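Let's take a walk through this protein together, starting with the whole chain and ending with a few side chains worth a look. Keep the viewer open as you read.

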Amino acid sequence: MRSPDSARRYKLLLARQFGDMDEQLQGLDGPHGSVLISERNKVALKVLERTISQGKKTIGVFYGAGHMRGIEDVLVGKMGFKRTDVEWRTAWDMTLPKGERDEKAKAPPVQ
């Protein structure tokens with residue numbers, strides 16, 4: 001972690017942990033899952049329903065990754081919304097500066 005490239009290397013370590021996070025988080029929601037996630041989702045969705053009933057048309061729902069699958073299930077399955085687009089944005093750019101080679105990092109690229 002003392003290398004000049006330490007920020008990128010740390011991100012690579014974290015990315016390896018995040019790689020299978022969707023599967024890990026699936027077990028946290030639902031009737032036998034995390035009360036924290038499922039109860040927070042219920043509250044967020046109640047606020048969303050109240051906001052919609054007030055006539056608001058432009059609404060954002062900001063929550064962490066662990067919440068989004070459950071929230072989407074309700075939005076699509078129970079509230080009648082449909083997904084129209086998916087947009088991926090780069091959160092971390094872990095590419096090496098041009099001309100540098102990474103001799104130590106042997107992990108496959110994270111997609």
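Of the contacts in the protein with a separation of 6 or more, 62% are between residues 24 or more positions apart. Please bear in mind that you are looking at a predicted model. The protein has 4 helices and 0 strands, so its elements, read from the N terminus on, run α-α-α-α. Buried residues account for 17% of the 111 residues. The accessible surface comes to about 9600 Å², and carbon and sulfur atoms contribute 54% of that area.

Now turn to α4, which covers residues 65-77. This helix has 13 residues and spans 19 Å between its first and last C-alpha, close to the 18 Å expected at 1.5 Å a residue. Which residues of α4 are buried? They are Gly-66, His-67, Gly-70, Ile-71 and Leu-75. Met-68 is also found in helix α4, but this residue counts as partly exposed because its relative accessibility is 32%, between the 20% and 50% cut-offs. Met-68 belongs to a nonpolar patch on the surface, together with Ile-52, Ile-59, Val-61, Tyr-63 and Phe-81. The accessible area of these residues together is about 450 Å².

Next come the charged side chains. Side chains of opposite charge can pair when their charged atoms come close. How many salt bridges does a search of the whole structure find? It finds 3.

Glu-72 is partly exposed, at 27% relative accessibility, whereas Arg-83 has a relative accessible area of 52% and is exposed.

Stay in the segment after α4, where you will also find Glu-87. Its salt bridge partner is Arg-89, the closest N and O atoms being 2.9 Å apart. Glu-87 counts as exposed because its relative accessibility is 54%, over the 50% cut-off. Arg-89 is exposed as well, with a relative accessible area of 68%.

For the remaining pair, go back to helix α3, residues 35-53. Here the side chains of Glu-39 and Lys-42 meet in a salt bridge of 3.0 Å, N to O. Both residues lie in this helix, 3 residues apart, which is about one turn. Glu-39 is partly exposed, at 37% relative accessible area, and Lys-42 is partly exposed at 48%.

Notes:
Residues are numbered from 1 along each chain as its sequence is written. This is a predicted model: local features need pLDDT of at least 70, side-chain atom pairs count only at pLDDT 80 or more; totals for chains, interfaces and linings use all residues. Side-chain values use heavy atoms; hydrogens and water are left out. Helices (H or I, at least four residues) and strands (E, at least two) are DSSP runs, numbered from the N terminus. Buried means under 20% relative accessible area, exposed over 50%, partly exposed in between (1.4 Å probe, protein chains only). The expected span of a helix is 1.5 Å times one less than its number of residues. Patches are made of residues with over 30% relative accessible area and no salt bridge: like charges are joined within 9 Å, nonpolar side chains (Val, Leu, Ile, Met, Phe, Trp, Tyr) within 5 Å. Accessible areas come from the Shrake-Rupley method with a 1.4 Å probe; for residues, only the protein chains shown count as cover. A salt bridge is a side-chain nitrogen of Lys or Arg within 4 Å of a carboxyl oxygen of Asp or Glu. Contact means heavy atoms within 4.5 Å.
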